[in-house]
Amino acid sequence: MTSKDTVGNKAPKDLFPRGEEVEQDIRKRRRAGTIWRTIFLGATVFAVIVLSVLLLKIINDSMGLVAEEAAIPERELLRAYHEGRLTAAPNSAPGGEGDPVETAESLADLPYDALVGIYAANVSRGRCRAVEREQRFFADSLVCETEELFAQVCASDNPAAACALGPRDSTQVIRLIRADVIKPKVVATWNALESITNREEILATAARRFPNAEVYFKSWLSWRFITSPQSSFPEIAGIRTALLGTLWVVGIAVLVSFPLGVGAAVYLEEYADSRSRLNRIIQTNINNLAGVPSIIYGLLGLAVFVRALEPITSGAIFGAGDAAATANGRTVLSAGLTLALLGLPVIIISAQEAIRAVPSSLRQASYGLGATRWQTVRSHVLPNAVAGIMTGVILSMSRIIGETAPLVVVGASTFITTDPDGPFSKFTALPVQIYQWTARPQDAYRDIAAATIIVLLLLLLLLNATAIFLRNRYGKRLG
Amino acid sequence: MSREALAESSPSRFSPEAGGTGSQDMAGLLRKRTRIGESIIEGSLFFAGAVSILTTIGIVYILARDALTFFALPEVRLADFLTGTTWQPMLGEFGIWPLLTSTLIITAIAMLFGVPIGFFTAVYLSEYASPRFRAIMKPVLEVLAGIPTVVLGYFALTFVTPFLRSIFGDDVVKIYNMMSAGLVVGILIVPIIASLSEDALHAVPDSLRQASFGLGATRMETSLKVVTPAALSGISAAVVVAASRAMGETMIVALAAGAGSNFTFNPFESAESMTGYMVRISGGDLSYGSIDYQSIFAVGLVVFLLTFLLNIISRRIVLRFREVYE
């Protein structure tokens, strides 16, 4: 048979019978092919759908209409202030009687003296004195406390915090006014989508069910939310404590795991004899560690860093004092060390890959000139592997920044309002905060959990953008 | 001449005089010496490598020690722990099965949901997709893999659960249920399976595909009947790794599957898993030395052994059944 024949009539009848059966078979196979192709494509698109739904759901929850009732609305306080009074009638309906007075837009526009006056006039004297003992309002005079009593407290064995601190500032006083005087309480929330599509109906329902409430469109994520400390009221709660906690813990984790991880990678790639049994065990072990669930690292941290090494991690042997007694080893340092161990395998494995990618001609040239092993590593191998190493470090950071379980197990505080100020302070972190708020049944907590998730995802985005930038900027060193 | 150049160019080791004087000095200089600095550096690098060994030893030692303390308590009997179907620490009943079945059911749901989707994604990306489509999809999968699990837990509780309840009815599906947790753990393992399986499919040499096309096979027949069997070891390893990941997953389960153990096989019921129990107990104020404290280590040991076993199996599969092409 010549090739001409085959081209002329594709399949000679005697070799490839073209019965109806065969054509049917081919049609069937083609149809199966199309169906499976659609299934494969569908599965692939599934990831995109899930990701979009997830992000939309979170954004949708983080803002929307809220009905907020206040014990004394802010505008009433402002109106009263401009009418020359410091107190206002509680719970008057918003937008009610009287002309809108030419008022300052918000409490932030009032002078500091006025804010303190408003606060002192609207809370009980006992509360005001307690607040003043925490931190005084004015450096030179007292508002609610008497001079003698204050001097007495400061002279006692257990002096109040205010004795050592400077005066408050207006941001803090506004926060106090919101928490103790205005007492905003969100009585109902709607998500962003229904707030936009169904606005009229929601306003009508809200006016009927909560006549005293002010209904407005609120984004739970705001600058105030990011800078306010934690609170047991979702309306005034913020994530400052958690954000700083995350930065401290991840910072310590990276400071510890970066040198250890790169050191281990250099040892395994440049020094170790890969045939030796010990080094093979180290290598296998690193791969195994990468598969250990993170909560197990939490148990390790709890038993080793929190309990066994408590004198160190609580700072007691460094004389950290009071904080150590209360933190009990459940400190930023314990959490940081735990996450460092957790992030180590990722750093080692990616640093190893980066080091392996450095051409051995560079090493040979360096040895040929008489350089020692460490000189070769320091001046040639590491500078050429730096982009890959940094990418690995950032990958490891973005893995540990979202870790929740180990931090909960190591003992993240359920409720603290003071900023972490050192490795020996108590801590909470963004993912822990998300967990605690999500676990509560009220809608308002879910909404602030969503707002916190956005902050966490933005942090992750920032980290990954940095990794991509580094890869592009320094990755082309060797062309 | 060249010796001088060498002396000029290396700043520390060769003094300028040594370069000019003669070969005897050079020989002395070039003799291998023990350098203390180098040894210290090598020692510290070895220590950095050994930290990982210490971590493993630490994990095994801590889990074993505290689990043994737990089993030595008068209230606890190992036989009851291994066979009991009630987990009520308050009442002194420590049977691991309710926690274990919950973990296994959630893992099974996750695998049934995640494995096909992950595998099909891998097939599409490796065998069908254009380079441009791949370039878009790979980062999407990476982003999905990078979402913190607590965020997925939020998603399970506030989206998937209401969704399930709207389909099956509020009286069938509890607010906290294993199905919702399992589905979202399934979402979690999709990127893992997709990426590992795609690597395996990609490693199959093109000659196999060309031979298959040459015999008239369709793309689907080539993908499923030629390429997949050739990559089967890698794909099975991916599935086992994903199972290990699903079993050790904590936050999704802690948020969506509910608190309180429950010996049930109904996926719409709430039932606490092993990891969920650990995180709930340690989230409260835990007093050291209490029976609760000891119990989380015993449960932790079971989780560790299960996931470790799966990881070993996955490594074995790769080594044992890998088809090697030149």
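These exercises, each with a worked solution, concern a predicted model.

**Exercise 1. Two domains of chain A**

Find which domains chain A has, and describe the side of domain 1 that touches domain 2.

Solution. 
- Start with the bounds. The domain assignment places domain 1 of chain A at 67–227 and domain 2 at 240–474.
- Next, take the centres. Over C-alpha atoms, the centres of these two domains are 41 Å apart.
- Now count the contacts. Seven residues of domain 1 of chain A are in contact with ten residues of domain 2 of chain A.
- Then look at the elements on the domain 1 side. β2 (185–189) and α10 (223–227) of chain A each give two or more residues to it. α10(A) gives the most, with three residues.
- Finish with the classes. This side of domain 1 has five nonpolar residues, two polar ones and no charged ones.

**Exercise 2. A pair of helices**

Describe how helix α4 of chain A packs against helix α7 of chain A.

Solution. 
- Recall what is needed. Two packed helices are described by the angle between their axes and the distance between the axes.
- Read both values. Helix α4 (residues 112–122) and helix α7 (residues 170–182) of chain A pack at about 25°, and their axes are 10 Å apart.
- Apply the cut-off. Angles under 35 degrees count as roughly parallel. Therefore α4(A) and α7(A) are roughly parallel to each other.
- The crossing of α4(A) and α7(A) is left-handed.
- Name the residues that meet. From α4(A) they include A:Leu115, A:Val116 and A:Ile118. From α7(A) they include A:Val173, A:Ile174 and A:Leu176.
- Sort them by class. The contact of α4(A) with α7(A) has ten nonpolar residues, two polar and no charged.

**Exercise 3. Chain B and its contact with chain A**

State how many helices and strands chain B has, then describe its side of the contact with chain A.

Solution. 
- Begin with secondary structure. Chain B has 15 helices and two strands.
- Of its 326 residues, 46% count as buried.
- Look at sequence separation. Take the contacts in chain B between residues at least 6 apart in sequence: 72% of them join residues at least 24 apart.
- Turn to the contact between chains. It takes 67 residues from chain B and 64 residues from chain A.
- Find the main contributor. Helix α4 (residues 36–72) of chain B gives the largest share of the chain B side, 18 residues.
- Sort the chain B side by class. It divides into 40 nonpolar, 22 polar and five charged residues.

**Exercise 4. One residue of chain B**

Decide whether B:Ile62 is buried or exposed, and list what it is in contact with.

Solution. 
- Locate the residue. B:Ile62 is in helix α4 of chain B.
- Count its surroundings. B:Ile62 has 22 other C-beta atoms within 10 Å. The cut-off for buried is 20 or more, so B:Ile62 is buried.
- List the contacts. Leaving aside neighbours within four places in sequence, B:Ile62 is in contact with A:Leu299, A:Leu300, A:Ala303 and A:Val304.
- B:Phe297 is 235 residues away along the chain, and its C-alpha atom is 8.1 Å from that of B:Ile62.

**Exercise 5. A covered helix**

Work out how many residues of helix α20 of chain A are buried, and what covers them.

Solution. 
- Count. Helix α20 (residues 430–438) of chain A has nine of its nine residues buried.
- Name some. Among them are A:Ile434, A:Tyr435 and A:Trp437.
- Find the cover. In chain A it includes α11 (240–271), α19 (405–410) and α21 (443–474). In chain B it includes α8 (149–168) and α13 (251–256).

Notes
Residues are numbered from 1 along each chain as its sequence is written. Chains are lettered from A and ligands numbered from 1 in the order in which they are written. This is a predicted model: local features need pLDDT of at least 70, side-chain atom pairs count only at pLDDT 80 or more; totals for chains, interfaces and linings use all residues. Domain bounds come from an automatic or database domain assignment. Two residues are in contact if their C-beta atoms, placed from the backbone, lie within 7 Å. Helices (H or I, at least four residues) and strands (E, at least two) are DSSP runs, numbered from the N terminus. Ala, Val, Leu, Ile, Met, Phe, Trp, Tyr, Cys and Pro count as nonpolar, Asp, Glu, Lys and Arg as charged, and the others, Gly among them, as polar. Axes are lines fitted to C-alpha atoms, for helices over the stretch in contact, and angles run from 0 to 180 degrees between N-to-C directions. Angles under 35 degrees count as roughly parallel, over 145 as roughly antiparallel, 65 to 115 as roughly perpendicular and the rest as oblique. A crossing is left-handed if the near helix is turned anticlockwise from the far one by less than a right angle, and right-handed if clockwise. A residue is buried if 20 or more other C-beta atoms lie within 10 Å of its own, exposed if 12 or fewer, and partly exposed in between; C-beta atoms are placed from the backbone.
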